[in-house]
Amino acid sequence: MQRDRTVRVLLATLLLCAAPLTYVILNAQAVVRIRSSGNTSPSGAGQDAQPKVDAVPPIEPTPEEAARINDLIEQLGAPRMAQRDRAMGELAQYEARALGQIRKALTHDDDEIAWRCALLDEVIQSRQGELFLAARKLNLSIAELNAHLASDDIGPLLNILKSRGQPGMETVWARVLGRVAGQPRLFTAAELCRQIEGDTGYGNTVVRCSQQYAGQGIGQNLVTLLVLMPPGEAEDTIESLARIRYAEAANATMLEQVLSAATAFRGVYSPRQVFAARGGRPMPNVPEPEGANELRLALALQMSGPCTAEELAGAGLPPAEKMSSLVLASWLRLLARSGLQDRLENTLVAMLSGGVNARLAAGAWASVAPVQNVIAVFDSLPIESQLAVLDTWWIEPREPQTLHTFLLTLADNPEPALRGAALSSLAQYRAPSTVRKLLASARAHPDTALWALLALRPMADLLATADPQGLAALCRDFAATPTALRPTLASILVASRDAGAEAALLAQWRTRLPRNELGVAMVLFARDTVTPAGAWSAALALRGQAADSHADTWLQDMASPSDLVMLRTLLATDGETGFALIGAIASDVADANRTQAMMALSLANRDASLVADWLKRYSGEVPDPQASQIGWALATSQTEPARQFRRTALQQGSSSPNLGWVLMSMKMNRCPEISLDELFRVVAETPEGARDYSYAWEWAPANVPAVAARNIVTAHLFGDSQGAIDSVLGLWIWRSGVDVLDVLYGKSSDPVPRDAAQILATALLGEAARAGGILTATQSREDGSNWAALRLARAWLGLLPAPENERLVNAARADADSIWGALQLARLADSGDADALRRILDQLGPEPARFQRGGTAGISFADRRWGSAQIQYDGVGAALHSDDAGSTRLHADLLRQWIAIAPDKWGDWWRCRRGLLYWNGKAFAFTELK
Amino acid sequence: MAKTSRDSGPRPAALIVAREPWLPPEGGQELATALREDVGELLGSLRLRIEPAPNATAADIVRIFQREKRPLLLAFSDVPALPALSVEGALEELVENAVVVGPCADGAVYLLGMAPGLDDDIVGQLAEAACGPAHDALGAVTDAVDVEDLPVVLLPPWTRIGSDKDLSFAENLARLSLMSEDGEEDFLADRLRLWFERHAT
């Protein structure tokens, strides 16, 4: 007995010296945090002072609790250590309620009891009671556990948890997940957590982690974890998403992200479960952000799959007219995807009769109700609702004949906002009647003329035949048009390709070229490279073509004040004087515009006497500070030496340093002596060549030789991009016919994907049966680096349980601009789904900003600069923000696999036909409108 | 390959507020037209979308701001040779700040920028200030933005044509610009310059 007591005293002394010291050091930060959260002394002094004793104030226990606590305190001095430890653990659970009695025992006669009470006091004060208990379960001291949690390498702790972990350690798990949330290890750690803690414990853990750590920029990772590994109870999912959103309040897109992520849980929980879970799991004693309950309800509605009217009735939701915009938007979407058209109509009627703003309800109703039904009541709707209806139909065009007729009538509406929306909507219904209406409206209504002209621009080529008198009037009125409208009007006249219109514009611009019309003027000038102004403009336009940019946009962006001065000068002089000026610039090695001048001379075929000198300068034979830039001129020139320069580069093969200029020349349509096929045979003749020119794959023709195609694919799967494949490249590989699995694994009998990118390539682009075999055999790595990819890839191939496959694939493809979304939509388009093809072209076409989730059109959520998050509903007019002609990303060759008549530059061509696309049973076609 | 330098976001909007300049006895209306068109041309060349509302009232400005949900610049039709740098600077500042003010020495403002998300009340006050008497505009704007935590940025001062001296100043600017090495690149108010040439004394 005496010996036992001696050992105990010795141990206690050691622990007293070491443990608290370590503990205090490790928790210094936590102590500071506690003090700074409202317990600073009134004087404000003592930042470095010890923590206040009552950081956690004592709470009076019930008499029964007090008796038990006293009993446990006595057990702290029990002869058996296990008993002492158990008592200590149980006391820690009482937290503040045990504090009073613990403090009285600090001077207990038994040193062991006094020391353990001192430790307990500190543990409770620092709010680490739960952590303390967990440490005991893991057979660690709290200092050791804290050291593990603070360590850069969380591996040892995960090993301890794997071997000794038991349920009830959510605090530890929350900290572990918080530590690894920025790493792939998050997934394997979470999986281990779920194994040990069970579904409920895992759910609690994620909620805690979201609360404590999401604000550190890891919110998106936690959202991904939730989607890939949903908690067992809907309450935990809702609560976690809500907390992530509020923890990352500074991230303006987080609200949209969590609402979008919520859609990935459809099918995980039944509608009844999510309705019941709509209150989430608020944490006691944690202040609730404003609007938290609304967000939880909105998340629940987003998470619900299609439901029945009975399920909705039993949910006890507030009436629609009393819902906030955030909740209402989710509610309406739920009604729409549940096919509850009657409920939508009733909601709309209730809101209208209640005098509530019904724009959201009107938009949702218009998305499901027959067009004719909506048109029948359109006039009786308030204007906000009318705009919402038009906006819905703009995003999801239907029944073109009916809608087109209706929009034509609206284009004369006396209400400017409605008229503007209708004019903008008409932009996607190319027809002679549309052109006439847009033109008439532009002339009759100055306040909405801009909308009409912007809508008219992509179909301006119809003007000369559809409305020749209107076109003539436009030319006449051009000079007197207000400054704000002139550039748009000029671009229409240029796009009309009408000789009279061109002459009228040239006459104007020769007199005076305004700087805000410079870009569009250069488009017109560039058509005639025999003139100095034309050659100068075409040279700049060629650079845009080489950059795969839309000519109008490029010129608008890149034309500089020096171009303005130059063109004004060139327009004021005769041709020879103008070319003499360009020649002088081309020979001035110090002039910043020298390359453009050289290209201009080439375009005008005035470089015959110059190319020999350019070649010497390019090769270094004649020193030239801009030697490398002369390649632009050599790529443009049609002289025999320049052609020979390009042919030689091609003959030298992919290792030629000049092959890049052949590519540029080809891109600028200045290389008739070499065909695209010929070029790509050389560029991609070896894997090395394909790698060196991997940036050029977008120009590869659809019928590129099989070897070249394989080399291009190899270059990307093993190149600098680490195998990352975006939507456009993914579609190209998918169509190329290359056996991706053969590229990745050859004939290996034991193929193993190297990393996540190869796993995804295997699943998405490989032959399904072999890919399934490979990915079934692939092991998940302990460091988690392939965990998420493997799960998604298996879902894509249908290797997970059926509902999970569908859910994850749907979640992954929600973004049409991802390779998942693009490939899934491409498959649907192959089967004749016009909506799927429209979505591909929306995302990879000229104005993707309009269609991005949370973007400018439709219902979007945005953080206000000041105040709480708000819902935005942008009308068609607002969707016109991105009226600039942009570049298309989908190669025309790929588009022609679906629509044979698509031109190379298909941006404007598509804009004015978007609403007319349909599947005629054999091919995609466009509705013909008169 | 490199794409264009411009991002795919919406173009900022601009509205030219009609404000009568001081007009000389001869060619006054021509001067007003030249000034207005120069401002429009500059804003257009900087790729701003100009709202076609030549006689916008304060209420119109508020309505346009609410509709656009993107940065809105208010320019004024009595400002000669509005510096492109000020416009570009204002757009840059509106990414981080709520309001950008371009002050004139006579108590007017020559540019007023508002960021999306600005409270409607403040927008209303700013619009009233912009459409009210020119000499009171800066004071009214200052009162409107005197709100705690509202980030406001001041642009370098510029001038407007509020008197014959201002017009003389603008004429000298044009002449100096033509004499400079870069010539008319520095002074892009072509219509105003042409007016000076026609009305040379």
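A:Leu295 lies in helix α16 (residues 292–303) of chain A, where helices (H or I, at least four residues) and strands (E, at least two) are DSSP runs numbered from the N terminus. This is a predicted model, in which local features need pLDDT of at least 70 and side-chain atom pairs count only at pLDDT 80 or more, while totals for chains, interfaces and linings use all residues. Residues are numbered from 1 along each chain as its sequence is written, chains are lettered from A and ligands numbered from 1 in the order in which they are written, and side-chain values use heavy atoms, with hydrogens and water left out.

With a relative accessible area of 1%, A:Leu295 is buried, a term that stands for under 20% relative accessible area, against over 50% for exposed and partly exposed in between (1.4 Å probe, protein chains only). Leaving aside residues up to four places away in sequence, A:Leu295 touches A:Ala242, A:Arg245, A:Tyr246, A:Leu255, A:Leu259 and A:Leu326, contact meaning heavy atoms within 4.5 Å. A:Gly280 is 15 residues from A:Leu295 along the chain, and the C-alpha atoms of the two are separated by 9.8 Å.

The two chains can be set side by side.

Among contacts with a separation of 6 or more, residues 24 or more positions apart account for 67% in chain A and for 73% in chain B. Along its sequence, chain B follows the pattern β-α-β-α-β-α-β-β-α-α-β-α-α.

Two helix pairs of chain A show how neighbouring elements pack. Helix α28 (residues 468–477) of chain A and helix α29 (residues 486–496) of chain A pack at an angle of about 135°, their axes being 11 Å apart; axes are lines fitted to C-alpha atoms, for helices over the stretch in contact, and angles run from 0 to 180 degrees between N-to-C directions. That angle makes α28(A) oblique to α29(A), since angles under 35 degrees count as roughly parallel, over 145 as roughly antiparallel, 65 to 115 as roughly perpendicular and the rest as oblique. The contact is made by A:Leu471, A:Leu474 and A:Cys475 of α28(A) together with A:Leu489, A:Leu493 and A:Ser496 of α29(A).

Helix α40 (residues 659–667) of chain A and helix α41 (residues 676–683) of chain A pack at an angle of about 155°, with their axes 11 Å apart, and α40(A) and α41(A) are therefore roughly antiparallel to each other. Here A:Leu659, A:Val662, A:Leu663 and A:Met666 of α40(A) meet A:Leu676, A:Leu679, A:Val682 and A:Val683 of α41(A).

Helix α51 (residues 834–844) of chain A has 9 of its 11 residues buried, so α51(A) is largely enclosed by the rest of the structure. The buried residues of α51(A) include A:Leu837, A:Arg838, A:Ile840, A:Leu841 and A:Asp842. What covers the buried residues of α51(A) includes the helices α44 (727–736), α50 (819–830), α53 (892–895) and α54 (907–911) of chain A, together with the strands β3 (917–919) and β4 (924–926) of chain A.
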